[in-house]
Amino acid sequence: MTISQLATSTVFDCIIVGGSFAGVSAALAMARAMRPTLLLDTQKPCNWMVDHAHNFLGYDHSKPSDILDNAKEQLLERYNTTKVVHEKAIELGGSNGQFTVRTESGSEYQGKKVILATGVREVLPDIPGFEQAWGRSILHCPYCHGYEEAKKKAAYLGNGNTASMFAKMVSHWNPDLTVLTNGKSEIEDESVLKENGIKVIQTKVKSLDVDKNGRVQKVNFVDGTSERFEILYAHNEIEQSVDLAQQIGCNMKGGHVEASPSQKTSVPGVYVAGDA
């Protein structure tokens, strides 16, 4: 098989499901190995709403979409062993060496190996305004976005001992910090919070006032009271963005696909990449 024929192969050496950072990175490695590869890319990365990425050497404060577009451009301009299809994979079957992936349009593709780079999806709480602000002024990581939001009046929406530990960490960036337990506090020892001047509100959250730019203005509680905050932190439940791993029989743990240090799943020939 010549190099020009690789990307038009009817049976790909590898099918990569997911076209965000992990999937494109895997596709680049396959391209340099001269392996005919199919990359299924819905063009809907989980961080689509984020304006800037940080702690990424050489790309600090760059738009994630710009970084990803540049990576895809390099992949497709320099190498001709990768075929990109902008469709969502909905079914995965077969076995090692003979996998079949079907997309929403009904197209079927065959591959010897499969890399699942589909990632996880945040299960957002049913609080009006939360989704509008998520990724803009409701954040999950101070190391990613804390520098830009430092010194602002902040709250952490969470409960239990995790809330206590996380709030103590966040207070380095945001000393004026309140923990919103959204119900009776399950924090076993609040002394760490008191020592760091962190307040606790146990009243359930009713809604958030959010402006047109996704910036939180105010938290409204079920008892009719409200509190102004400029920034919120929260950790949400997660689930697989698609159920392909479950379909093919991969072992799961805590919402993630179990994998070895070399990213092998429990199913021979199926690998994972990224936060799947």
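Colleague: Helices (H or I, at least four residues) and strands (E, at least two) are DSSP runs, numbered from the N terminus. How many helices and strands does the chain have?

Modeller: The chain comes to 8 helices and 19 strands. This is a predicted model, in which local features need pLDDT of at least 70, side-chain atom pairs count only at pLDDT 80 or more, and totals for chains, interfaces and linings use all residues. Residues are numbered from 1 along each chain as its sequence is written, and side-chain values use heavy atoms, with hydrogens and water left out.

Colleague: What box do the C-alpha atoms fill?

Modeller: Roughly 70 × 35 × 35 Å, along the principal axes.

Colleague: And what share of the chain is buried?

Modeller: Of the 276 residues, 43% are buried, meaning under 20% relative accessible area; exposed is over 50% and partly exposed is in between (1.4 Å probe, protein chains only).

Colleague: Where does D69 sit, and is it buried, partly exposed or exposed?

Modeller: D69 is in helix α3, residues 64-78. D69 counts as partly exposed because its relative accessibility is 47%.

Colleague: Switching to strands. Which sense does β1 pair with β2 in, parallel or antiparallel?

Modeller: Parallel: β1 (residues 11-17) and β2 share 4 bridges. Two strands pair if DSSP finds at least two bridges between them. I15 stands opposite L38 in β2.

Colleague: Which residues of β2 are buried, and on which sides?

Modeller: In β2 (residues 37-40), T37 and L39 are buried on one side, and L38 and L40 are buried on the other. Both faces of β2 are therefore covered, since side chains in a regular strand alternate between the two faces of the sheet.

Colleague: What about β4 and β5, parallel or antiparallel?

Modeller: Strands β4 (residues 89-95) and β5 (residues 98-103) run antiparallel, paired over 6 bridges. E91 has R102 in β5 as its bridge partner. The two strands make a hairpin with 2 residues between them. In that turn, G97 has a positive phi of about 90°.

Colleague: What is the strand order in the open sheet of 5 strands?

Modeller: The order is β8-β15-β9-β10-β11, and the pairing is parallel. At the edges are β8 (138-139) and β11 (199-201), each pairing on one side only.

Colleague: How many bridges join β9 and β15?

Modeller: Strand β9 (residues 154-157) and strand β15 (residues 231-234) pair over 4 bridges, in the parallel sense.

Colleague: Which residue in β15 is the bridge partner of A154?

Modeller: I231 is the bridge partner of A154.
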